[in-house]
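Grab a pencil and work through these exercises with the sequence and the 3D view side by side. Try each task before you read its solution.

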Amino acid sequence: MWLKFSVIVLGMWAVGAAAWGIVPWFEIQRWAVGEQRTFQNVMASALRSIQAGNSQAAWTLCSATAAYGFFHALGPGHGKVLIGGASLASGATLIRLSTITFLSSLAQAATAIILVGGFYFILQIGSADLTDLTETWLAPASYLTIAAIGAVLIFRGARSWYQMSQVKQATHGCCGHAHGPSVNDVATLTSTRDAVALIASIAIRPCTGALFVLVISARFDAFAVGCLAVVTMGLGTAIFNQMVATSGVAARWLIGLGARNHKGMQAISATLHLTVGFMIIALSVGMLLP
Amino acid sequence: MLSAMCLGGVTKAHPHVFVDARTGFVFGSDRQLEAIKIAWLYDEFTTLVLFETLELDLDQDGQLNDSDRIKILEGETNWPQNYKGDIYLEVLGQDYPLGRPKAASVKLDANQIEVTFDLPLSKPTEVDSSPIFLRLYDPFFYFAYTIVSVEASPDLPEDCEAQIVHFDPTAAEIVLQDKLAALGREDRPEIENVGRLFSDEVQLTCG
């Protein structure tokens, strides 16, 4: 049992290390940051043009925020870790994962709109306090929720391994017909409850970029345009996360090729749960530390 | 920007603020390095954010007036105790202590706010052929700095040379990998030293 576990873990690490070595991460990162900077400036000039009364600039703003959302998502962030991890460990189909990805980005945009709409307009709280609120409370809340999801994954993976070992012992006995846990026992994200938890953990914490677009557009009496721009920003982010989810599902499929039978598949799924769970916890705790 | 964004500085690895920095060196009559000159030019979006968060330009004439300037400089140069301005000076391989901003000014140029100030060294120091490094970076990468120029100040001694070395991702990656490979089991990565690998730097040598 432990041998099998170690082999699967080592195999996954080898694939991961190879990916790390081949892809020029720093170059990609630098390019993404440069693009983000460009679109950030386009956003600024579009906002000024809207203030000056040019309503056409709303389209420029929305295209710029969509591009900004995409490139901003390329940086290491909370949404990706979770979406990537979930697509790797879960038993969800690509269509289901895509839906969850889009919903989580849109929900994140909605949080920004509700925050600015509620606090800025109704309670008259300034944008500095708003970003403080986001960073001091919402960001840690989001990381904690994400860490909790990691813990659930670990629990499910460990339970599955335990059940498999029980089954093995049982068949070593006499009865011959084992009541093995079905693969569904360890498949995550196939229930609505799981999906909602995942979407919520991402949506709790809005992007500061989105908050600023909303606050500035509110000051320029164009809050509605700001809302639209933040939704397109969310769509841009969703498109990137979509790529992450697709790679996750593809990787899961590749790893699954190594499984000879149903039991092998279950062992792999349980191991993926454990590995991804630990990764998610490590990353989210890392983000929480000062 | 500080008061507006940095206090909630737990955000990591997502640059939101882009700064083009101009740098310079101030020498005393005894050829000792006394201070560093810094100018931070904020990107257009950050400038809009500053206008909003600090409630600048309330008369909406598109210009900064005296009260606007006071508000900006308060946030930009009255640093909290634990903030060092994302400015790091390395002398003989050691982090060299710096003072607090002096002679600060601010202007608005082509929709971008620029803050300028001098940062004195805690104690003037000799510069010889072993290079002194000036680096600007935010360990959390919320602020992304690019050093765009090092200005030749009139008091720079003739035999001194200052040049910008831009961040090279490939080299940084190799150094980082070597560092990680060199770590023993009980060692912990020295996070504070990793940030500088990803920054532009100015090298100053004399003689």
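**Exercise 1.** Which residues have the most contacts inside the largest nonpolar core?

*Solution.* Before we start, note that this is a predicted model: local features need pLDDT of at least 70, side-chain atom pairs count only at pLDDT 80 or more, and totals for chains, interfaces and linings use all residues. Residues are numbered from 1 along each chain as its sequence is written, while chains are lettered from A and ligands numbered from 1 in the order in which they are written.

Step 1: A residue is buried if 20 or more other C-beta atoms lie within 10 Å of its own, exposed if 12 or fewer, and partly exposed in between, with C-beta atoms placed from the backbone. A nonpolar core is a set of buried Ala, Val, Leu, Ile, Met, Phe, Trp, Tyr and Cys residues joined through C-beta atoms within 7 Å.

Step 2: read off the answer. The largest core has 118 residues, and the ones with the most contacts inside it are A:Met43, A:Leu61, A:Ala112, A:Val230 and B:Val19. Helix α3 of chain A (residues 57-73) gives the most to this core, eleven residues. (Helices are DSSP runs of H or I with at least four residues, strands are runs of E with at least two, and both are numbered from the N terminus.)

Step 3: zoom in on one of them. Leaving out residues up to four places away in sequence, A:Val230 touches A:Thr65, A:Ala109, A:Ala112, A:Ile113, A:Ala210, A:Val213 and A:Leu214. Touching, or contact, asks for C-beta atoms, placed from the backbone, within 7 Å.

Step 4: a bit of background. In soluble globular proteins, nonpolar side chains tend to be buried together.

**Exercise 2.** How many helices and strands does each chain have?

*Solution.* Step 1: chain A comes to ten helices and zero strands. Chain B has five helices and ten strands.

Step 1: Buried residues make up 44% of the 290 residues in chain A and 33% of the 207 residues in chain B.

Step 2: check the sequence separations. Of the contacts in chain A between residues at least 6 apart, 84% join residues at least 24 apart. For chain B, residues 24 or more positions apart account for 72% of the contacts with a separation of 6 or more.

**Exercise 3.** In what order do the five strands of the open sheet in chain B lie?

*Solution.* Step 1: the order is β5-β6-β2-β1-β8, with mixed pairing. Two strands pair if DSSP finds at least two bridges between them.

Step 1: find the edges. β5 (102-109) and β8 (143-151) of chain B each have a single partner strand, so one side of each is left without a neighbour in the sheet. From one strand to the next, the twist averages 25°.

Step 2: follow β2 of chain B. Strand β1 (residues 17-27) runs antiparallel to β2 (residues 33-42), with nine bridges joining them. B:Asp20 stands opposite B:Leu41, and B:Val26 stands opposite B:Ala35. In the hairpin of these two strands, which has five residues between the strands, B:Arg31 takes a positive phi near 65°. β2(B) also pairs with β6(B) in the antiparallel sense, over eight bridges, and there B:Trp40 has B:Val115 as its bridge partner.

Step 3: is β2(B) enclosed or open? Seven of its ten residues are buried, so β2(B) is largely enclosed by the rest of the structure.

**Exercise 4.** At what angle do helix α2 of chain A and helix α2 of chain B cross?

*Solution.* Step 1: two packed helices are described by the angle between their axes and the distance between the axes. Axes are lines fitted to C-alpha atoms, for helices over the stretch in contact, and angles run from 0 to 180 degrees between N-to-C directions.

Step 1: the axes of α2(A) (residues 25-51) and α2(B) (residues 44-53) cross at roughly 50° and come within 7 Å.

Step 2: the two helices are therefore oblique to each other. (Under 35 degrees counts as roughly parallel, over 145 as roughly antiparallel, 65 to 115 as roughly perpendicular and the rest as oblique.)

Step 3: the contact residues are A:Gln40, A:Asn41, A:Met43, A:Ala44, A:Ser45 and A:Leu47 from α2(A), and B:Glu44, B:Phe45 and B:Leu48 from α2(B).

**Exercise 5.** Is B:Glu52 buried or exposed?

*Solution.* Step 1: B:Glu52 sits in helix α2 of chain B. Step 2: B:Glu52 has 20 C-beta neighbours inside 10 Å, so it counts as buried. Step 3: not counting residues up to four places away in sequence, B:Glu52 touches A:Ser127, A:Val215, A:Ile216 and A:Arg219.

Terms used
Two residues are in contact if their C-beta atoms, placed from the backbone, lie within 7 Å.
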